[in-house]
Amino acid sequence: MKQIGVCLSSCPSGYYGTRYPDINKCTKCKADCDTCFNKNFCTKCKSGFYLHLGKCLGNCPEGLEANNHTMECVSIVHCEASEWSAWSPCTKKGKTCGFKRGTETRVREITQHPSAKGNLCPPTSETRKCTVQRKKCQKGERGKKGRERKRKKLNKEENKDAVPDNKGLEPSRETPEQRENKQQQKKRKVQDKQQKSVSVSTVH
């Protein structure tokens, strides 16, 4: 191949080879094309353009979307979901007994996530009301509220048992100061009685 008077085994990036009977030469790709196979077929576009069927476009055609990683126009991918599961047992507040009306749920999984312009995914769970024949809860099927009431009752009984009983307790010991005060009070009472007795005798 010949380019600007130099013979090359292959054309540099941005050029494509053209063969003629008398000469082979390298020809420059189009302005928006970074590498090309020939003048009408680009293999990589310059920044700001997206490759589609050998052409570099500023915007992708309708029905396609731009992939900013590969800088190509690609098909739009829509979300896909699996089939619904079977409905769950009818429950109410986490219990399967002790009620007549409750709710049941079914779920499904997303099998294909959408691309940027694809349709959004549908809900993955559904809940509906259900009616069952009321049945009495057996031991261990009380549910969260029933277990909470039982726990509070046990705590109340434990607190009741823990209240101290003052009956039968030994009287508190007196301090020396308290004993001395009591003795002085007794002495004053005795002295008062003696004075009253003397006064009565004098009068007679």
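Which side chains meet in a salt bridge of 2.9 Å, N to O? They are those of R106 and E126, where a salt bridge is a side-chain nitrogen of Lys or Arg within 4 Å of a carboxyl oxygen of Asp or Glu. R106 lies in strand β12 and E126 in strand β14, so the pair ties together parts that are 20 residues apart in sequence. Strands are DSSP runs of E with at least two residues, numbered from the N terminus.

The model is predicted, with local features needing pLDDT of at least 70 and side-chain atom pairs counting only at pLDDT 80 or more, while totals for chains, interfaces and linings use all residues. Residues are numbered from 1 along each chain as its sequence is written, and side-chain values use heavy atoms, with hydrogens and water left out.

A search of the whole structure finds two salt bridges, and another pairing of this kind is formed by the side chains of E104 and R128, at 2.5 Å from N to O. E104 lies in strand β12 and R128 in strand β14 (residues 125-131), so this pair ties together parts that are 24 residues apart in sequence. E104 is buried, with a relative accessible area of 12%, whereas R128 is partly exposed at 40%; buried means under 20% relative accessible area, exposed over 50%, and partly exposed in between, with a 1.4 Å probe and protein chains only.

Strand β12 covers residues 101-107, and E104 touches, among others, W87, P89, E126 and R128, not counting residues up to four places away in sequence, contact meaning heavy atoms within 4.5 Å. The charged end of R128 also sits over the ring of W87, 3.9 Å from its centre, a label that requires NZ of Lys or CZ of Arg within 6 Å of the ring centre and within 35 degrees of the ring normal.

Within β4, C26 is the bridge partner of G17.

Strands β9 (residues 64-67) and β10 (residues 72-75) are likewise antiparallel, over four bridges, and L64 stands opposite S75 in β10. In their hairpin, which has four residues between the strands, M71 takes a positive phi near 55 degrees.

How values were computed. Two strands pair if DSSP finds at least two bridges between them.
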